[in-house]
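Hi,

Here is the structure I promised to pass on.

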Amino acid sequence: QAGVDHVRIRVKDEANEALFQNLDRQIEDCLNNGVIPVLAYQAHEFKEDPTEETMRDVTEWWRTVAEHY
């Protein structure tokens with residue numbers, strides 16, 4: 001009713017089963033209420049130290065999340 005059609009869910013945690021349990025619930029709540037959930041990974045380590053290693057870590061995080069969803 002307020003005109004909000006999406007919400008950004010900021011994530012800093014490791015992509016593991018505990019995170020997915022929380023995200024699954026949040027995403028389901030969004031979809032059940034007509035709100036589009038948008039995941040945003042903070043990737044603090046990469047922002048602070050943009051190396052090949054930290055880029056691989058971010059890529060692996062997104063790969064794990066993408067495979068789950």
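There are three aromatic pairs in the structure, a pair being two rings of Phe, Tyr or Trp (its six-membered ring) with centres within 6.5 Å; planes under 30 degrees apart make it stacked, over 60 edge-to-face, and the rest tilted. F20 and Y69 are one of them: their ring planes stand at 85° with the centres 5.9 Å apart, so this pair is edge-to-face. It joins distant parts of the chain, since F20 sits in helix α1 (residues 17-32) and Y69 in the segment after α3 (52-68), 49 residues apart. Helices here are DSSP runs of H or I with at least four residues, strands are runs of E with at least two, and both are numbered from the N terminus. F20 is buried at 5% relative accessible area, while Y69 is partly exposed at 42%. For those labels, buried is under 20%, exposed is over 50% and partly exposed lies in between (1.4 Å probe, protein chains only).

W61 and W62 also make an edge-to-face pair, 4.8 Å from centre to centre and with 85° between the planes. W61 is buried, with a relative accessible area of 5%, whereas W62 is partly exposed at 35%. Together with Y41, W61 and W62 form one aromatic cluster.

Before I go on: this is a predicted model, so local features need pLDDT of at least 70 and side-chain atom pairs count only at pLDDT 80 or more, while totals for chains, interfaces and linings use all residues. Residues are numbered from 1 along each chain as its sequence is written, and side-chain values use heavy atoms, with hydrogens and water left out.

On charges, I found one salt bridge (a side-chain nitrogen of Lys or Arg within 4 Å of a carboxyl oxygen of Asp or Glu). R63 makes it with E60, and the closest N and O atoms are 3.4 Å apart. Both residues belong to helix α3, three residues apart, or about one turn of the helix. R63 is partly exposed at 43% relative accessibility, and E60 is partly exposed too, at 41%.

Now the strands. β1 (residues 6-11) and β2 (residues 36-41) pair in the parallel sense over six bridges, where pairing takes at least two DSSP bridges between the strands. R10 has A40 in β2 as its bridge partner. From β1 the chain crosses through α1 to β2, and this β-α-β crossover is right-handed: with the strands pointing away from the viewer, the path from the first strand over the helix to the second runs clockwise.

Cheers
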